[in-house]
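Please look over the sequence and the three-dimensional structure below before reading on. The report that follows goes through the strands, the disulfides and the protein as a whole.

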Amino acid sequence: MTFFAVIVICLSSTPVAKCQKATSVHWMTLAEPSIGLAGCMREGMVAAARSRLLRGGDYPKVFCRPADAAIDEVAGR
């Protein structure tokens, strides 16, 4: 199964459980799907690190959605 990574960057003051699209300072979806959940998580973390969007205590959170799911179902709305 293929998955798209949705990456949200949240402030350190945002609890991990509440880190979602609506509470993030940045969010992005990777254009290329990954094979399997492990591949999706790995590609998401690599993309977050390469994005240069992380500042100070910000942290990335990666959501993996099946290629046929709507983006709002995964990262919150």
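## Strand E1 and its partners

Strands E1 and E4 run antiparallel and are joined by eight bridges, where two strands are said to pair if DSSP finds at least two bridges between them. Strands themselves (E, at least two residues) and helices (H or I, at least four) are DSSP runs, numbered from the N terminus. One of the facing pairs between these strands is Ala5, which stands opposite Cys64 in E4. This is a predicted model, in which local features need pLDDT of at least 70 and side-chain atom pairs count only at pLDDT 80 or more, while totals for chains, interfaces and linings use all residues. Residues are numbered from 1 along each chain as its sequence is written, and side-chain values use heavy atoms, with hydrogens and water left out.

Strand E1 covers residues 2-10 and also runs antiparallel to strand E2 (residues 26-29), to which four bridges join it; in E2, His26 is the bridge partner of Ile9. Two bridges link E1 to strand E3 (residues 34-35), again in an antiparallel arrangement, and here Phe3 has Ser34 as its bridge partner. Eight of the nine residues of E1 are buried, so that the strand is mostly covered; buried means under 20% relative accessible area, exposed means over 50%, and partly exposed lies in between (1.4 Å probe, protein chains only).

## A closer look at Ser34

Ser34 is found in strand E3, and it counts as buried because its relative accessibility is 9%. Leaving aside residues up to four places away in sequence, Ser34 touches Met1, Thr2, Phe3, Gly39, Cys40 and Glu43, where a contact means heavy atoms within 4.5 Å.

## The two disulfides

How many disulfides does a search of the whole structure find? The search finds two, a disulfide being a pair of cysteine sulfur atoms within 2.5 Å. When the bonded cysteines of the protein are numbered in sequence order, the pairing reads 1-2, 3-4. Cys10 and Cys19 are both buried.

The other disulfide joins Cys40 to Cys64, with an S to S distance of 2.1 Å, and with -105° about the S-S bond this link is left-handed. Because Cys40 lies in helix H1 (residues 36-51) and Cys64 in strand E4 (residues 59-66), the pair ties together parts that are 24 residues apart in sequence. Cys40 is buried, and Cys64 is buried as well.

## The protein as a whole

The protein has two helices and four strands, and when it is read along the sequence these follow the pattern β-β-β-α-β-α. Of its 77 residues, 36% count as buried. Among the contacts in the protein with a separation of 6 or more, 65% are accounted for by residues 24 or more positions apart.

The accessible surface of the protein comes to about 4,700 Å², and 57% of this surface belongs to carbon and sulfur atoms. Such areas come from the Shrake-Rupley method with a 1.4 Å probe, and for residues only the protein chains shown count as cover.
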